[in-house]
Amino acid sequence: MFAQTLLSLLVLASPSFALPSARVEIQFRQAISALSTAQIAAYRPYTFYASAGYCSPSTTINWSCGANCEANPSFVPVASGGDGDSIQFWFVGFDPTLNSVIVSHQGTDTSEILPIITDTEVALQTLNAALFPGVSSSVQVHDGFGKAQAGTATAVLAAVQQAMSAHSTTAVTTVGHSLGAAISLLDALYLSIQLPSASVNFIGYGLPRVGNQAFANLIDSKLPKLSHINNKEDPVPILPGEFLGYVQPSGEKHIMDSNAWVACPGQDNDSNECSTGDVATIFSGDVADHDGPYDGVEMGC
């Protein structure tokens, strides 16, 4: 899976990868708080949608992808695509129960080489000005993640517009796990810019760091209700390293070893109850936690 390959390649590429780096705090830290059973349960439909991102477009287009599809039986698919290699699987549709358009992207399949290369293209680059008009050049993102999102951006936008029109909704939620979470976070920013009348949110799982401080700040301002959910000692959320200039946006929900969930305020909260503090280096992480379970759901199709 994504975690093992990315860990191996980044450690080989940078002997100092595990060293902690200084970080500038940009906001007051509120108290860490526990999520209630009801709050945790509210994420469950989105968890299955993120897991369904791993399923072939031939099954998501008619919503026949097994347990992941059966968990949200009222979903109305609009479009799906990708080949799982040069382009990650993706789908768009409408959930009448949530009254939201759903956009989901596949995480990494290490049986295919191109997604692995995508994960390790760690140089920070400015966003595509045609896709993200008006965004400052100070906002930079992981080159591989940016290219992956750009490859499906216009098709996703067209499908979202179709779903919004057909179902008379302005709500859009992008979801994903691992690489799929990174693509979906960029999608959420992209859609919030391209569709200013839409109410866009993001819910991701095992999200790697996607961009720099300016990117994290922009995400916080554009998507104030987002959630990225990290499982126990999953090391992927601390990748790529802060010493490379990467910063996680706010909105972390961390699943503790006890299986309790806590909300971690701020960016890269370094409390030992949150991922950045709990997994101080990649060597203290456990890649087995990357795929879940997230409230009982293991990622994959």
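D143 is buried (under 20% relative accessible area, with exposed over 50% and partly exposed in between, using a 1.4 Å probe and protein chains only), at 18%. This is a predicted model, where local features need pLDDT of at least 70, side-chain atom pairs count only at pLDDT 80 or more, and totals for chains, interfaces and linings use all residues. Residues are numbered from 1 along each chain as its sequence is written, and side-chain values use heavy atoms, leaving out hydrogens and water.

A salt bridge here is a side-chain nitrogen of Lys or Arg within 4 Å of a carboxyl oxygen of Asp or Glu. The count comes to 5 salt bridges. Three of them are tabulated.

| Salt bridge | N to O distance |
|---|---|
| K147 and D143 | 3.2 Å |
| K147 and E121 | 4.0 Å |
| R209 and D268 | 2.9 Å |

E121, D143 and K147 are linked in a network of salt bridges. K147 and D143 sit 4 residues apart in helix α7, so about one helical turn separates them. E121 is partly exposed, at 24% relative accessibility. Both R209 and D268 are buried.

Now the aromatic rings. Rings of Phe, Tyr and Trp (its six-membered ring) pair if their centres lie within 6.5 Å; planes under 30 degrees apart are stacked, over 60 edge-to-face, and the rest tilted. There are 8 aromatic pairs. Y49 and F75 form a tilted one, 5.1 Å centre to centre with 55° between the planes. The W63 and F75 rings have centres 4.3 Å apart and planes at 45°, so this pair is tilted. F75 is buried, at 5% relative accessible area. W63 is buried at 12%. Ring pairs join Y49, W63, F75 and F91 into a cluster.

Terms used
Helix = DSSP H or I, 4+ residues; strand = E, 2+ residues; numbered from the N terminus.
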